[in-house]
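Visitor: Could you walk me through this one? I'd like to go from the backbone to the charged pairs and the packing, a bit at a time.

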Amino acid sequence: MKALHTYASLEHFQQHFHSEDTCIQYLFHQKWPDGYSCPNCQHTRCYTIRSRRIPLYECQLCSHQTSLTVSTVMERSRTTLRKWFTAIWFVSRNDKGINAVQLSSLIQVTYKTAWSILHKIRRVISNYDAQSTLDGHIDAALTLYGHSHRYLSSTTISSEQHPFITAISHPSDQHSRMVKMKLVYRELITGRRLQPFAYEQFNTQHSSPNKSRLIPFTSYDQRAQAVPIQNLAKQMSTWLNNTFHGVGVLHLQMYLDEYCYRLNIEAQNISTWRHLSNLCCQVY
């Protein structure tokens, strides 16, 4: 089944993914775009065993059996593929995303199942983010997520505010800018200033060696380059609060990765649905 670039509406999406068989065909194409390949011996011919909800594929050479969902986000899930792909489509929308309460109602699963589906999709996004690096000139600053306490000193970060580095790359070539947001330990913060070591560590972990130069700004910096960083962090906070009604620190990094993923894929002018569905169908 040929992967389409995008789907303008849920109705449009469901017209193409109208049955489990259609979803099976799509998953097969995504997992083996060049045709079946045995994960054990790489033989290219197989028998199809259709006695299960999702077919098994048995290698004609070594008899190894494999399922389409093995090593994907859908492995060992009892939820139908159609509901899985619908969930992926909702996450891929560029407007605001979706929370577990909304998803559970839309695809008719329990809240626990909806939360698990979204958590697994975000884990895939985080894995992808970890493999992507920033290039070129990078502006970075310490930013905060959480309640604003106007009565506190301007040099104080409250216990309800979660510090993270927001970085924006400006490649020297024709590549689009990229954004990363990564939580930092409070022990690395003095007042409202991040220790230089934290920026060096961020640069080592998330920037391309010899292809980038990170310039840190303080939270008080009013230079033109620093303003977009603070504005971006505020937009992320608004997105989190409007869509998910706030997020605790335990899973906050996954939500930061999802927000950056949306911006980065959109900046590359490619279909978020196509890219995300491909990630979810691949071994990870």
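**Backbone, charges and packing**

Guide: Let me begin with Q42, which sits in the loop between α2 and β1; please keep in mind throughout that the model is a predicted one.

Visitor: What is phi of Q42 near?

Guide: The phi angle of Q42 is near 70 degrees, a positive value in a residue other than glycine. S63 has a positive phi as well, again near 70 degrees and again in a residue other than glycine, and S63 belongs to the loop between β2 and β3, the latter covering 65-67.

Visitor: OK, stepping back: how many helices and strands does the protein have?

Guide: There are nine helices and nine strands in the protein. Of its 284 residues, 45% are buried, and the exposed surface comes to about 15200 Å², with carbon and sulfur atoms supplying 49% of it. Among contacts with a separation of 6 or more, 64% are between residues 24 or more positions apart.

Visitor: How many salt bridges does the count come to?

Guide: The count comes to six salt bridges. One of the pairs is R53 with E20, where the closest N and O atoms are 3.7 Å apart. R53 lies in the loop between β1 (46-49) and β2 (56-59), whereas E20 lies in helix α2 (residues 20-31), so this pair ties together parts of the chain that are 33 residues apart in sequence.

Visitor: Which residue forms a salt bridge with D257?

Guide: D257 pairs with K182, and the closest N and O atoms are 3.0 Å apart. The two come from distant parts of the chain, with D257 in helix α8 and K182 in strand β6 (residues 179-183), 75 residues apart. Both D257 and K182 are buried; for D257 this is because its relative accessibility is 3%, with the class defined as under 20%.

Visitor: What network of salt bridges is that pair part of?

Guide: Salt bridges link D129, K180, K182 and D257 in a network. If residues up to four places away in sequence are set aside, D257 touches I125, S126, D129, M181 and K182.

Visitor: What about E258 and R262?

Guide: The side chains of E258 and R262 meet in a salt bridge, with an N to O distance of 2.9 Å. Both residues lie in helix α8, four residues apart, which is about one turn of the helix. An α-helix has 3.6 residues a turn, so residues three or four places apart point the same way. R262 is buried, having a relative accessible area of 7%, and E258 is buried with 2%.

Visitor: Switching to packing: at what angle do α5 and α8 cross?

Guide: Helix α5 (residues 111-131) and helix α8 (residues 249-267) cross at roughly 65 degrees, with axes that come within 9 Å; the crossing is left-handed. The α5 side of the contact consists of W115, H119, R122, R123, I125, S126, Y128 and D129, and the α8 side of H251, M254, Y255, D257, E258, Y261 and I265. By type, the residues of this contact divide into seven nonpolar, three polar and five charged.

Visitor: Last one, which residues of α9 are buried?

Guide: Helix α9 (residues 272-281) is mostly covered, eight of its ten residues being buried, namely T272, W273, H275, L276, S277, L279, C280 and C281. The cover over these buried residues includes α1 (10-16), α2, α3 (81-92), α5 and α8.

Note on methods: Residues numbered from 1 in each chain as written. Predicted model: local features only at pLDDT ≥ 70, side-chain atom pairs only at ≥ 80, totals over all residues. Heavy atoms only, no water. Axes fitted to C-alpha atoms, helices over the stretch in contact; angles between N-to-C directions. Left-handed = near helix turned anticlockwise from the far one by under 90°. Contact = heavy atoms within 4.5 Å. Nonpolar A, V, L, I, M, F, W, Y, C, P; charged D, E, K, R; others polar. Buried < 20%, exposed > 50% of the residue type's maximum accessible area, 1.4 Å probe, protein only. Areas by Shrake-Rupley, 256 points an atom, 1.4 Å probe, with all protein chains shown as cover. Salt bridge = Lys/Arg side-chain N within 4 Å of Asp/Glu carboxyl O.
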